[in-house]
Amino acid sequence: MRKPRIHGKLAGMVQCVTVIGLGYVGLPTAALLASRGIRVHGVDTSAAVRATLAAGRIHIAEADVEALLERALRAGLFTVHAAPQPAEVFVIAVPTPLGEGRAPMLDHVMDATRALAPALKSGDLVLLESTSPIGTTAEIAALLLELRPELDDLAIAYGPERVLPGRILTELVENDRVAGGLTPEATRRAIEFYRLFVRGAVHGTDAATAEMVKLSENAFRDVNIAFANELSLIAGQHDLDVWRVIELANRHPRVNILKPGPGVGGHCIAVDPWFLAHGAPEAARLIPAARAVDEAKRQSVLEQASALCTAGERVICLGLAFKGDVDDLRESPALAIASELARRHPGRVVAVEPHLDAAPAGLEAPLVSLDAALERPGALLVLTDHSVFARLPPSALAGRRIIDTRGIFRRQEETA
Ligand code: SAJ
């Protein structure tokens, strides 16, 4: 076990933090800081989010955050605002989606920077945590210099988050972290800040390196999953079991292939690789190729399922979320495939998503419960690896055609 690095003396050095953007990263970070006795001003542009939080409820599906937030509100350590408040540290954790032509859209980061400028004072630390293209931290500094030229001793740094949705609080504390300042002093300040709540090691570097580190992590995962998906397409042509192939290949001490699926979704892995490729289009060959494999895999799953519908089968789509045991539909290949299948074959498709109460917009298929779906005959198209699907008894599968893009039933057979 690693020794906790939370340093009592350091905690006394930061009294107040403003966190801008109260989503999957900003909100747990704010709640965690408040739990360490630090005064936190949470800022969000959405009035609905502010109202929910002020009432002690949360708008993200993350266990433990609500209880932490409630305690912070009761202790008077967390307040919610529409605009940034003065503090010693400003954390920017706003979304950075893809814009036109797959270019990174930095509007929210720049808006947050403009909004926090009036609240800044000499010596404050500004920390960008949003996944950002290389050079963004320097752009923030340039904008702040323009807006507050008298503040020549700000510390500005990049501190990417690495948390996995569903385990955010644990990972915020336990994961190692990278902190990169625009100056060595900014790096030192950022490391000191993260040590307030991070038990993992905090590695110092410069801002641009830290920006590229974050993008490399997610691009690595995307390329590795694309490789697994390419193997699944090749194995399909040879009528081989790709899961067994990967399982055995991974017995090699230096091979670790990830799992195939219906394609990669979520707000990070399917998006961030483009941030790297966009900044160096001639150099980036593998990254766009991985994205193309991802698209090919989605198409292949869609065509297989479509062929079943054409042959007269009713198809039950199991899962719409982008990955198992979450309710998140962002960039979900499962939702995209189910929607297109239902559009092509009206009346032949039903969807099961235990984490949703109603069918999402754009899905022209009824959303039914798992039990109701299984009452009637129909092929199973497994799109999301929810544990409730993996626990289906063999009797529920008997006699059905199955397209198991996640290998959950195969794993069940193996375990048995
Ligand atoms: N997936 C596969 N096969 C696998 C693993 C994942 O098809 O073997 C699919 C999932 O089903 C999902 C997608 O990939 O559709 C992404 O899921 P994920 O669990 O790999 O990642 P995210 O998007 O939930 O979180 C990632 C994490 N990054 C890495 O693991 C390198 C997380 O640590 C980051 O903090 C997060 O992105 C982020 O915010 O950037």
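**Strand 1 and its surroundings**

Strand 1 runs parallel to strand 2 (residues 39-43), and 5 bridges join the two. Strands here are DSSP E runs of at least two residues, helices are H or I runs of at least four, and both are numbered from the N terminus. Two strands pair if DSSP finds at least two bridges between them. This is a predicted model, with local features needing pLDDT of at least 70 and side-chain atom pairs counting only at pLDDT 80 or more, while totals for chains, interfaces and linings use all residues. Residues are numbered from 1 along each chain as its sequence is written, and side-chain values use heavy atoms, leaving out hydrogens and water.

**Strand pairing**
- T18 has H41 of strand 2 as its bridge partner.
- Strand 1 also pairs with strand 4 (residues 89-92), in the parallel sense, over 4 bridges.
- V91 in strand 4 stands opposite V19.

**Whole chain**
- The protein chain has 17 helices and 12 strands.
- Its radius of gyration is 23 Å, close to the 22 Å of the globule rule for 416 residues, so the chain is as compact as a globular protein of that length. The radius is taken over C-alpha atoms; the rule is 2.2 Å times the number of residues to the power 0.38.
- Of the 416 residues, 52% count as buried.
- The C-alpha atoms fill a box of roughly 70 × 50 × 45 Å along the principal axes.

How values were computed. Buried < 20%, exposed > 50% of the residue type's maximum accessible area, 1.4 Å probe, protein only.
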